[in-house]
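Q: I have a structure open and would like to go through it step by step. Could you take my questions as they come?

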Amino acid sequence: MTTQTWTVSDVRVETPLIHRIGLVAPRGEALPPLASGAHLQVMVPGLPERRCYSIVHLTVAESLDPAPRTHWIAVRREEPSRGGSVWMHQLKAGDAVTVGEPRNEFPLHAAHAGDGPTVLIAGGVGITPIASHAAALTAQARPFALHYSSRSRDHLAMVDALQALCGQALHLHADDEADSRLDLAALLDRYRPSQHLYVCGPKGMINAAVAAARARGWADDHVHVELFVEAAAQQGDAAFEVELRASGMTLQVPADKTILEAMEAAGCDPMFDCRRGECGVCQATVLEGVPDHRDYFLSDSERASGQLIQVCISRAKTARLVLDL
Ligand code: FES
């Protein structure tokens, strides 16, 4: 992967857990413009895998800038952290950061007549790409509603800028306030399946939003999600065995590791990109065993067939899986 070294220009403490970090080219030259939903891949010293951070646009001018001098990202300090977010939170102006090619796996859909206002839902630092979508929709004069939720008011980031950008379209929710807590089912009852829905936040929020949308008739191509954390072990996860039949290898996948991580530890060179079950790059064919699907890539019918698996995040319901890898 091609990488570049950029420089931290500014760090803003947005909440007790979220820092917004400005990055510039070494000599201040123009950076490539990035559409809403795009993310930067950041190399963290000492960690083998890159960290992905979405670009934040908080104004129409930022969204439309053809030659931006600064790209802003927002980073939540994870608890516990594998080291990436702690390192990112120690950055200060002047520090160097190595970034890989930008990607966009959460793009805004093209405008179609009859779609209705776009519905944007963000949880915590998931506001990062959602804010950029709000800026892009505003720039295109397309209607939207943005629902932004966090554990409490003081954990809602960039609120002043969001209010200036969104006006009446912004709806703030705090988990510790009974009258403002986000109720996804009640929220989706107010919208129609013809509207495009974008959700970025923790896994529980995404799962609940996807389930509520499907139950109300939303088609998968109108529900767009982005998870801001990588695969995490869930309570009850157990070790299992994976045979990579084409490679002639059998691996043990511990309860706290993914199939992808087990393959990397065994010296394989698997294909992957997002490591969050969203892009489909790591997909493999299941020859034996029953997958435990945890991705957001497969359709319901593909899931039900049990013939495909995203090895970056999904696990096994059986003690053994055989994959065509
Ligand atoms: S790497 Fe993207 S779905 Fe697995």
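Q: In β6, which residue is the bridge partner of Thr-3?
A: The partner is Gly-100. Please note that this is a predicted model.

Q: And how many bridges join β1 to β6?
A: Five bridges join strand β1, residues 3-13, to strand β6, residues 96-104. The two strands run antiparallel.

Q: In which sense do β1 and β2 pair, parallel or antiparallel?
A: The pairing of β1 with β2, residues 18-24, is antiparallel and extends over six bridges. Within it, Val-13 stands opposite His-19 of β2. The two strands form a hairpin, with four residues between them.

Q: Let us step back. How many helices and strands are in the protein chain?
A: The protein chain has eight helices and 18 strands.

Q: What radius of gyration does the chain have, and what would a compact globule have?
A: The chain has 20 Å; a compact globule of 325 residues would have a value near 20 Å, so the two agree. The C-alpha trace spans about 55 × 50 × 40 Å along its principal axes. Of the 325 residues, 39% count as buried.

Q: What share of the contacts join residues at least 24 apart?
A: Among contacts between residues at least 6 apart in sequence, that share is 67%.

Q: Which residues have the most contacts inside the largest nonpolar core?
A: They are Ile-73, Leu-120, Ile-127, Ile-130, Ala-131, Ala-134 and Val-199, in a core of 57 residues. Helix α3 gives the most to this core, with seven residues.

Q: What is Leu-120 in contact with, leaving aside its neighbours within four places in sequence?
A: Leu-120 is in contact with Ile-130, His-133, Ala-134, Phe-144, Ala-145, Leu-146, His-147 and Tyr-198.

Q: Now β11: why is it described as largely enclosed by the rest of the structure?
A: The reason is burial: five of the five residues of β11, residues 223-227, are buried, so the rest of the structure largely encloses this strand.

Q: Which of its residues point one way, and which the other?
A: Val-223, Val-225 and Leu-227 point one way from β11, while His-224 and Glu-226 point the other way. All of them are buried.

Q: What about β10 and β11, parallel or antiparallel?
A: β10, residues 197-201, pairs with β11 in the parallel sense, over five bridges. Val-199 has Val-225 as its bridge partner in β11. Between the two strands the chain passes through helix α6, residues 203-215, and this β-α-β crossover is right-handed.

Q: Changing topic to α4: which of its residues are buried?
A: In α4, residues 159-166, the buried residues are Leu-162, Leu-165 and Cys-166.

Q: Why are they on the same side of α4?
A: They cover an arc of only 80° around the axis, and therefore lie on the same side of α4. In general, an α-helix has 3.6 residues a turn, so residues three or four places apart point the same way.

Q: What do the buried residues of α4 pack against?
A: They pack against α3 (127-139), β8 (144-150) and β9 (170-174).

Q: And which exposed residues does the face turned away carry?
A: The face of α4 turned away from its buried side carries Asp-160 and Ala-164, which are exposed.

Terms used: Residues numbered from 1 in each chain as written. Predicted model: local features only at pLDDT ≥ 70, side-chain atom pairs only at ≥ 80, totals over all residues. Buried ≥ 20, exposed ≤ 12 C-beta atoms within 10 Å, placed from the backbone. Arc of directions from axis to C-beta. Contact = placed C-beta atoms within 7 Å. Pairing = 2+ DSSP bridges. Right-handed = clockwise from strand over helix to strand, strands pointing away. Rg over C-alpha atoms; globule rule 2.2 N^0.38 Å. Core = buried A, V, L, I, M, F, W, Y, C linked by C-beta atoms within 7 Å.
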